[in-house]
Amino acid sequence: MKIINQHLKNGILLIFAISYSFGQNPLIRDQFSADPSARVFGDKVYVFPSHDILATEGKGRKDWFCMEDYHVFSSENLTDWTDHGTIVEQNKVAWVKPDSYSMWAPDCIEKDGKYYFYFPSTIKDSLTNVRGFTIGVAIADKPEGPYVTEPLPIPNVRGIDPNVFIDKDGQAYMYWSQGNIFGAKLKDNMLELDSEVKTLGDLPTKGLKEGPYLFERNGIYYLTYPHVEDKIERLEYAISDNPLGPFKVTGVIMDESPTGCWTNHQSIIEFKNQWYLFYHHNDYSPNFDKARSIRADYLNFNADGTIQKVIPTLRGVGVANATKQIEIDRYSAISEQGASIAFLDTLNTFKGWKTVFSQPNAWIQYDNVDFGKKRLKSIIVKAKSETDAILEIRSNSANGPVIAEVKIPKSSDWTEIKVSLKKFESNNQNLFTISKTNTVVETDWIKFE
């Protein structure tokens, strides 16, 4: 992790960046993040999420969503992510009601070399007779900012979850939600509507729907949105031959959270000839679903243009570097018995997870590890065990070639054990970590040298 501070000191602007090397879910590892709007600008993916914080006395509404600012993150490979810091803060926006903690799901788009960041919040009572949310814009010359906010929100827009789409003919559209999902054309200045507001149909009429995100592929316009079909949100989509519909409800992108996270929110991009779904889950806060974390998984289409349902994973996307810490608890697959994951510290969940093996031949699989072509000679495993134990590291399958056998000494403290490799595997491999003893072994990470 690389940290540089950004602040104004003696009139000099210092640059801010935090770099993460993980390439697994959740993507952001030191703060809550939700509602990811992913965009491809140049040769990078930028993600503009909302930023959940925990409400405290006098700061937000207890047990509810609480957001006061926005960050932007970027990556060239979907593995190494950089936090460019705060780009918009609630109490630095002229029209936002102070201390309203309502900086909900945003979006960003590029047009003619300018970057337009759209965000909802609660408007000051003195500026309108209508209470509630409206949508504002901040503009920058670079995706990471700095952004300058417009003094007033977009006229005639009431609602949340802005999404902006620019069609192949250059016409821009904005979508948002407030009970229904709405759409309208935008003027060339990207700051005003250029048509009547249209309620988009034909979409589900029962159950909450929100969070529109529209993209086009092969002449098909896909309107994606979270919808409460039963008790919590799932991700659905409808298609049309026109950016403003009418739309035909077509399918489900992702089912409801198996752990009960009430919300989800999506964006979909193509990057280097692969499509991706960005979404969120309450990974770091399993008992409170108003503190969420953004994720990404691969998305694929059928030959007829319909979307294949995405099954959420811990492994996520991107290729892990074998010489960096590989957190095997973000697994691709796990044995039915004898292996589980748990927080390293339940009082500080941002410290991440550990893998717990409790019986022989239990295994965990972690895919897409790049060993490169230069011969690696050893492995380091950070682990601890109730008694002396043995872990095997294999490639390709649980019965594949043994890369290393690691003897874990009895210890109540975390220990880094280094052993020589039995076999070197080059290029991209799937790794299997297997317990060979009938004892409890906890593993934090592995890496190769």
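I take strands to be DSSP runs of at least two residues, numbered from the N terminus. On that basis I place Asn396 in the loop between strand S30 (389-395) and strand S31 (402-408). I note at the outset that the model is predicted.

**Entry 1: backbone angle of Asn396**

I looked up phi for Asn396 and found a positive value of about 80 degrees, although the residue is not a glycine. I then checked the accessibility of Asn396, and its relative accessible area of 48% makes it partly exposed. The cut-off matters for this reading, because exposed requires over 50%.

**Entry 2: backbone angle of Asn273**

I next turned to Asn273, for which phi is near 70 degrees, a positive value in a residue other than glycine. I located Asn273 in the loop between strand S21 (267-271) and strand S22 (274-281). Is Asn273 buried or exposed? I found a relative accessibility of 73%, so Asn273 counts as exposed.

**Entry 3: cis peptide bonds**

I examined the bond that leads from Asn25 to Pro26 and found it cis, with omega near -5 degrees. I place Pro26 in the loop that connects strand S4 (17-21) with strand S5 (34-41). I also examined the bond from Gly145 to Pro146, which is cis with omega near 10 degrees. I find Pro146 in the loop between strand S11 (133-140) and strand S12 (148-149). For context I note that most peptide bonds are trans.

**Entry 4: strands S22 and S23**

How do S22 and S23 run, and how many bridges join them? I found that they run antiparallel and that seven bridges join them. Within this pairing I noted His280, which stands opposite Ile294 in S23. I then asked why strand S23 is described as largely enclosed by the rest of the structure.

**Entry 5: surroundings of Ser385**

I looked up Ser385 and found it in strand S29 (residues 378-385). Its relative accessibility is 4%, so I list Ser385 as buried. Which backbone oxygen does the side chain of Ser385 reach? I identified the backbone oxygen of Val440, at 3.3 Å. Leaving aside neighbours within four places in sequence, I listed the contacts of Ser385 as Ile408, Pro409, Lys410, Ser411, Thr439, Val440 and Val441.

Key:
Residues numbered from 1 in each chain as written. Heavy atoms only, no water. Helix = DSSP H or I, 4+ residues; strand = E, 2+ residues; numbered from the N terminus. Buried < 20%, exposed > 50% of the residue type's maximum accessible area, 1.4 Å probe, protein only. Pairing = 2+ DSSP bridges. Polar contact = N/O pair within 3.5 Å; in protein donor to acceptor, adjacent residues only side chain to side chain. Contact = heavy atoms within 4.5 Å.
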